[in-house]
Every structure is written in C-alpha cells, then in structure tokens.
Amino acid sequence: MPDRSPSESHRSAPGALSQATRLVALLVQAREELGTADVGALENEARVLARTPGDPAALARALVLTGYDRVLRGWSREAEPLLREGLALSEALGLRDEQARALNGLGAVCTLSGAYGDGLGYYIEAVELARADQEGADLARALANIGNLYSHLREHIKAADYHHQALTLAQAVGAVSMAQTISVNLAFSLHQLGQVHAALTLNEGLLRVLSAGSSHPVRVHLLINLAHNYLQLGRSAQGLAVCREGLMLAAQLGMEEERCDLHVTRGTLLGQQGRWEDACAELVEGLTLARTGSFRQRESEAHRELSRVFEVLGDLRQSLAHARQFQALEAELLTAVAEHRTRLMSMQLEIGRWQQRADEQARLNRELVQVNLKLRETQSRLAYQAAHDSLTSLLSRAALDEEIERSVQSGGGRLQALLLIDLDHFKRINDVLGHDMGDLMLREIGHRLAQVLGRGELGARRGGDEFTVFLSDPGSPEAAIGRAEALLGEIRRPVELAGRTLVMTGSVGISFCPLDACDPVTLHKHADLALYDAKRGRHGVSCFHSRLSQAASDQLELEQALRVALSSSELRVHYQPIVSTEDGQPAAVEALVRWQHPVRGLLSPGEFLAVAEESDLILRIGEWVTRQALRDVVTFRRLWPELQVHVNVTPRQFVQSAFAEFVQDSLRAEHLPKGAVVLELTEEALSEPVALQRCRDLNAAGFLIALDDLGVGYSNLTRMYELHTQRLKIDRSLIARLSPDHADQRSTRPIVRALSIFAEESGTAVVAEGVETPAQLEQLRELGCPYFQGFLEARPLPVTELLAYLRAKQPTETPGGRASRGPWF
C-alpha cells in the first residue's frame with residue numbers, strides 16, 4: 001500500500017489555510033461540483049460549521065473536499081498535502097466517508113503523476129472501506145477512478161468495464177452528479193474503443209442535462225469528448241463550436257492541459273475544413289501549451305497534426321521535422337505505458353481477489369433489493385438446490401459425501417458400501433436422439449433408483465451418466481453385490497423415448513468401509529477403479545481389490561480430475577497467431593486448449609487429450625473450447641475486426657449429426673458471422689466415410705474448413721480436391737526439413753512448393769506450421785506460401801498477452817478514422 005504519512009509541510013495541523021478560508025473553499029467547491037439542487041444543503045452546513053470554528057470534523061471535511069476539488073482541476077501538487085492532512089484527521093476522528101473520498105483523491109493524484117501502482121493501492125483501500133460500510137456512492141467513486149487509471153494505461157476495454165460498473169452503482173444509489181461525471185469518462189472509453197456513435201449519444205445526452213451556465217470541470221471534459229466525437233465523424237462545424245466554449249471555460253477554471261487538448265483538436269477540425277493556415281496557428285498554440293506544461297501526450301498529438309498540415313502546405317522540411325518529433329514522443333509514451341503496466345502487474349492478483357469479492361458483493365446487493373416476505377422460502381429453496389441434482393432430484397455428490405461422513409463416524413466399524421453406477425454407451429442416446437432425450441433418460445433412471453432404494457440406502461447423481469448409491473448396512477459384501485445387480489436390473493427395464501423402446505445397461509464399481517477406506521474421497525476413488533475394471537471386463541459388477549493396475553488407476557484419476565476441471569473452470573484457451581509471410585500482419589489465431597492443473601501446473605494437450613478421447617470428455621472439451629474461442633474472438637475483433645479463429649475439431653466431434661448446428665448456435669450467441677471461425681480437421685477425421693458429404697454440407701452452410709497436419713497422414717491430392725477445404729496447413733515435420741541437417745536427408749522444398757501451387761490453383765490458402773527460424777520463413781516466401789505460424793512469430797498466448805500482441809501489431813490510424821485492415825485471404 002502506498003505511503004500514508006503526511007508531507008513535512010503539513011504535519012502540524014491546521015496547516016497553511018485558516019479554517020474560515022477552508023470553509024469558503026468548501027462553498028466554492030460545492031457550487032462547482034454539485035448541481036444547483038444540491039448546493040443549498042452544503043451552504044447551510046458550511047454556515048453551521050463557520051459558527052463552530054474549533055470543530056475538527058468541519059476542518060477534516062473542508063480539507064478533503066477542497067483537495068478533491070484541486071484533483072478535479074488537475075492541480076495534483078496543490079491537492080496532495082490537503083488530502084493527506086484531511087485523511088489523517090478523518091482517520092483520527094473516525095470519519096469514514098471523508099476517509100474514502102481522501103483515498104480516492106490520493107489515488108487520482110498518483111494516477112496523474114504516473115504512480116499507477118500506488119494509485120491502485122489507494123483505490124483498493126477505498127473499495128474495501130466502502131464495501132465494509134456498504135456505501136454505494138463511495139464504491140462507485142472508487143470503481144470509476146480505477147477505470148480512469150486503466151484509461152491512462154490505454155487499456156480501454158478494462159476502463160469501460162469499470163466505468164459501466166461504477167455508473168450502474170451510482171445510478172442505483174441516486175448519486176446524480178457522480179453518475180454524470182462517470183458518464184463522461186465512460187463516453188471517453190467508448191470513443192477510444194471505436195464506438196463513436198455510442199459515445200456521441202451519451203455525450204449529447206449529458207450536455208442537455210448539464211445547465212449551459214455550469215462552470216464545473218466536468219463540463220470541460222464533456223466538451224472535449226464532444227469535440228473528439230465530431231472530429232471522428234467529420235462534423236467539423238459542430239466540433240469547432242464546442243471547442244470555442246470549452247476553451248473559454250478551461251481558461252476560466254485554469255485547466256491548462258484541457259486548453260492544450262482543445263487547441264490541438266480545434267486545429268485538426270480546421271484542417272478538416274481546409275483552413276490550413278488557421279489550423280497551423282491553433283496547433284502551434286497547442287504545442288506551446290503542451291511544452292510549457294510538459295503535457296507529453298498532447299505534444300505528441302500536436303506534432304502529428306502539424307506534420308500533416310505542413311505536408312499539405314508544401315513545407316516538407318517542417319512536416320518531416322514534426323513527424324520525427326511525433327515518432328520520438330510516441331515511442332517515449334509507449335515505453336512509459338509499458339513500464340507502468342509492468343509495475344502494475346504486482347497489483348493484479350490483489351485486484352483479482354478484490355474483483356471476486358466485489359462480484360460477490362454485487363450479487364448480495366442485488367439480492368438485498370429483492371428481499372421481501374419470501375426470504376425464508378428462497379433460502380429453503382436454495383438449500384434444497386445445493387443438496388440435490390436439478391435434473392433427477394437425487395442428492396448431489398457433496399450432500400451424499402456429508403451423509404457418508406456422518407454414517408462412517410457413527411457406524412461403529414460395521415460394513416458399509418459405496419456403489420458407483422455408470423450407464424453403458426449413454427452417449428449414443430445424445431448423439432442419435434439429442435441431449436433433450438438424454439436428459440429424459442437420466443431423469444427416468446434417477447426416478448427408478450429413488451423408487452427402489454430402501455431404509456439405510458441413499459442415491460445421488462454424480463454427474464453426466466453416473467449415479468452413486470450408498471448402503472449404510474448391507475450386511476455382507478455378497479449382499480452388496482446382490483443389491484448392485486438388482487439395481488442394474490431396474491436400469492435394464494425398457495424405456496419409451498421419442499416413440500422408441502430403448503434398453504439401457506450399466507456397470508457398477510463397489511468399495512467397502514472399513515475394508516477399503518473410511519473416508520468419502522477414498523471410497524469414491526476405489527469405487528472408480530472398480531467401475532473401470534467392470535467396464536473393461538464387461539462383467540457388470542466389480543469390487544475394488546489391490547490388484548487393479550496402477551496404470552488404470554493413474555488413467556482413471558486423470559480422467560476424473562479432467563471431469564472436475566471442466567466444471568471447475570480449470571481449462572484455458574491459448575492462441576497462436578497465424579500471420580502473413582510478407583508483412584507479418586495477423587490474419588487469424590489458432591485456439592489451443594491447456595489445463596491449469598491445481599497441482600501439476602499448466603498441462604499441454606498431449607498430457608490429457610488421449611484420456612479425454614477414450615470417454616465422452618473429448619466432446620465436452622471440444623464444445624467448451626469452441627464456445628470460449630468464439631467469446632474471446634469477439635474481444636480480439638475489437639482490435640482487429642477481420643481476425644478469424646481456428647478451432648480444432650476431433651473425429652468424434654466431426655461425425656456428430658448436430659455438429660454444424662452447434663457451431664451455428666455458438667456463432668449466433670456471440671453475434672459473429674460464419675467467416676469468423678475456421679474448423680480445423682485432421683486427415684483422420686476426413687477419412688471417415690461420411691467426411692465428403694459432411695464437408696459439402698458445411699461448405700454449403702457457409703463454414704470454412706482447414707485440413708490440419710498435412711504431411712503426416714495418407715491423403716492424396718485428388719481426395720483433398722474433392723473435399724474442397726479452404727485451408728491447407730502444412731505439418732511442422734515438412735517445414736523442419738526444408739533445409740536438411742545431413743547430406744543423406746532429402747529436402748521437403750518440392751513438396752511445399754507443390755502444395756503451394758496446388759493451393760493457389762484450387763483457390764485454397766496454405767499455412768505453414770511450426771516455423772521457428774528466419775531462414776524457414778525466407779524459404780516459405782520464395783516458395784509462395786502466404787501464411788505461417790510458429791515460435792518465430794509467437795508461442796501460444798493467453799488472452800491478455802494476445803491482446804497486447806494485437807495492440808502492438810495495430811497499424812497507425814489515419815486522421816478522422818481507424819486504419820483499414822484487409823480481409824484474411
């Protein structure tokens with residue numbers, strides 16, 4: 001947490017200002033910060049305080065409000081000592097509202113001076129204080145300030161998110177003036193994200209609300225926002241009008257950086273009108289102010305615009321000079337932002353923990369609004385839902401484990417049994433009849449189990465197509481086995497579904513207490529091993545015994561851990577860029593799954609996908625990766641609008657009858673076009689008998705298909721041509737041997753050249769995988785291969801690092817609009 005001690009010049013209260021002067025400052029601040037409807041109350045309060053000049057609470061409030069007013073004007077040097085003194089006095093007097101405001105003010109001071117880590121520390125402390133006191137206005141102020149901090153770091157997506165949260169909270173607690181201030185900041189973030197029309201709508205709405213005679217600093221920022229909106233939309237006349245008003249108001253309030261910003265914007269607007277001489281004069285005025293006040297960002301913008309103006313006026317020497325100064329300043333600013341982000345990384349874990357607590361608090365706040373006479377009923381319903389499976393109404397696994405724990409502790413050593421039941425080939429129901437029918441089958445099986453369980457027997461749904469039965473007193477192992485066989489008999493009774501008569505079978509694994517274990521976790525583990533043995537041997541019921549192979553145990557543990565990972569958000573998607581061999585610009589990213597194992601760390605696909613493919617997990621993982629990749633690409637396309645995401649499709653996914661519908665629904669949920677995703681299929685998947693027709697169906701539906709790992713299978717060119725895939729991805733093994741290490745090895749250059757020619761002639765794009773050296777890239781250029789991916793460009797990156805990569809790859813924007821980016825191929 002940042003240094004909290006007062007500066008040397010303010011350690012002896014009451015400081016340089018007399019109390020009467022501070023109270024007058026409070027009145028001034030009230031008029032400028034609040035709407036006219038709120039000023040009267042503070043004026044009355046100030047008059048009362050003025051009659052009690054010895055009141056330390058009045059002094060604390062005046063110090064904090066006066067300091068905060070200085071922050072709003074950008075006078076951080078004058079604000080800091082007032083806020084530090086006000087914070088110390090507020091803490092001593094227990095004035096928690098003033099503490100929160102002072103902490104927010106000091107955070108803003110740090111943000112303005114570039115000490116972002118310290119600023120975030122102050123904001124987090126303000127958030128914790130507001131949450132403890134359930135003060136919505138203080139919490140909204142802190143969230144808004146965190147958003148401002150991220151705006152300074154050019155992380156506008158995060159900034160907009162925090163501003164949205166703060167605005168919602170400020171509106172909920174009726175903090176009208178604060179909501180207006182936050183709206184101005186939100187509009188700035190939306191503009192930076194390219195949502196200019198949304199920003200303009202928000203700004204114009206605020207302008208109608210704020211009185212024309214208002215001289216609050218927020219109005220200056222609102223006018224600056226509008227000027228930028230009008231500039232971006234080419235509405236120069238309106239932009240010049242708001243610049244004129246903004247310049248007068250900023251001069252009146254002594255807001256020098258804002259004046260500088262408005263001069264630069266006015267100069268750019270004049271340039272839009274072709275008034276180049278006037279534009280030059282305005283920009284020079286802005287540049288002078290920027291240099292005087294050391295406003296480096298504004299100075300950079302002024303140089304950029306002056307370079308363009310002098311180019312139009314034909315003074316190429318001046319244009320070049322300003323262009324060079326712009327480039328130097330921009331590099332300096334980007335370096336500074338990178339350094340600040342690095343320092344801020346140490347705070348990310350803490351803000352993540354805070355965000356989790358804040359989300360929980362937000363949920364609780366929403367629930368509190370809805371609290372009424374049905375509270376007890378709601379609590380009872382929630383308790384029931386936590387203890388029961390929503391589909392079958394059997395106990396949940398957690399509730400069953402609690403019952404097992406109690407039974408074991410009170411059992412006195414008597415024999416008890418845990419039966420783990422798995423339905424055989426259940427996935428066929430989902431594949432053929434659909435998941436709705438599968439849910440009906442599970443509900444029927446759960447109902448049958450519930451009907452036949454007797455005294456001392458408990459049933460639960462473990463998840464998927466697995467059920468658990470606990471026998472608290474079976475009498476003997478043989479009796480437990482007999483009970484398991486009877487339950488399987490109930491499962492085998494015919495079921496009528498969708499006009500069909502279906503017969504399900506199952507397998508059972510049994511573990512005993514105290515013979516095998518006496519705690520729920522180990523009992524489940526041993527029952528899992530027995531179930532695996534039963535399914536492998538196809539003999540219905542199996543009991544745990546020590547001879548079960550360690551390999552099966554390890555594989556089963558990995559499979560079960562992977563099931564938990566799916567429901568516990570342990571899977572991650574990393575993205576490897578696919579870029580042009582000519583200019584290095586990204587065209588797509590490939591989605592690659594990773595497992596953030598709680599013990600073993602980050603696992604690559606090779607360490608767990610083989611286990612997943614032996615069960616239904618591969619389908620669930622494939623669906624999860626597809627949905628997550630499409631959610632993420634929505635964010636990526638805000639930076640790179642034409643970016644595509646490649647998603648790997650397993651053979652089992654590809655043959656699912658509802659696969660195309662699933663992809664279409666996932667795209668529709670994210671409002672993405674079909675061209676946003678490329679389905680990568682291996683040669684194994686395309687060797688299926690239905691592959692040719694399935695590819696034709698997908699092509700007809702508008703989906704793009706890539707043949708992955710070309711060169712490691714046995715596909716021929718005729719087969720590839722018939723499949724009509726839109727992408728060919730050359731396997732890394734061919735790329736690695738473009739230049740053989742030994743004389744007796746043959747180069748793969750002819751193969752790569754042939755594939756490139758084939759692709760060009762057939763309208764298919766080629767991507768080289770596994771490119772790791774500049775020499776390989778140069779050869780690919782010579783061979784006509786247009787795209788590549790590999791460690792030479794980037795390793796697979798998590799979302800945050802990929803966003804940084806995409807930002808770094810963004811071309812410089814042209815005046816008045818975003819830089820255009822060409823389509824993928």
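User: How many helices and strands are in the chain?

Analyst: The chain has 34 helices and 16 strands, where helices (H or I, at least four residues) and strands (E, at least two) are DSSP runs, numbered from the N terminus. This is a predicted model, in which local features need pLDDT of at least 70 and side-chain atom pairs count only at pLDDT 80 or more, while totals for chains, interfaces and linings use all residues. Residues are numbered from 1 along each chain as its sequence is written, and side-chain values use heavy atoms, with hydrogens and water left out.

User: What share of the residues is buried?

Analyst: Of the 825 residues in the chain, 50% are buried, and buried means under 20% relative accessible area, with exposed over 50% and partly exposed in between (1.4 Å probe, protein chains only).

User: Changing topic, how do helix 11 and helix 12 cross?

Analyst: The axes of helix 11 (residues 217-233) and helix 12 (residues 236-253) come within 9 Å and cross at roughly 155°; axes are lines fitted to C-alpha atoms, for helices over the stretch in contact, and angles run from 0 to 180 degrees between N-to-C directions. Helix 11 is therefore roughly antiparallel to helix 12, since angles over 145 degrees count as roughly antiparallel, under 35 as roughly parallel, 65 to 115 as roughly perpendicular and the rest as oblique. Among the residues making this contact are L223 and L226 of helix 11 and V242 and L249 of helix 12.

User: What about helix 25 and helix 34, at what angle do their axes cross?

Analyst: The axes of helix 25 (residues 617-639) and helix 34 (residues 799-809) cross at roughly 20° and come within 9 Å, so these two helices are roughly parallel to each other. Where they meet, D632, T635, F636 and L639 in helix 25 face V799, L802, L803, L806 and R807 in helix 34 as contacts.

User: Last one: how many disulfides are there?

Analyst: A search of the whole structure finds 0 disulfides, a disulfide being a pair of cysteine sulfur atoms within 2.5 Å. For C513, the nearest cysteine sulfur is that of C518, 3.3 Å away, and C513 counts as buried because its relative accessibility is 3%.

Note on methods. Contact means heavy atoms within 4.5 Å.
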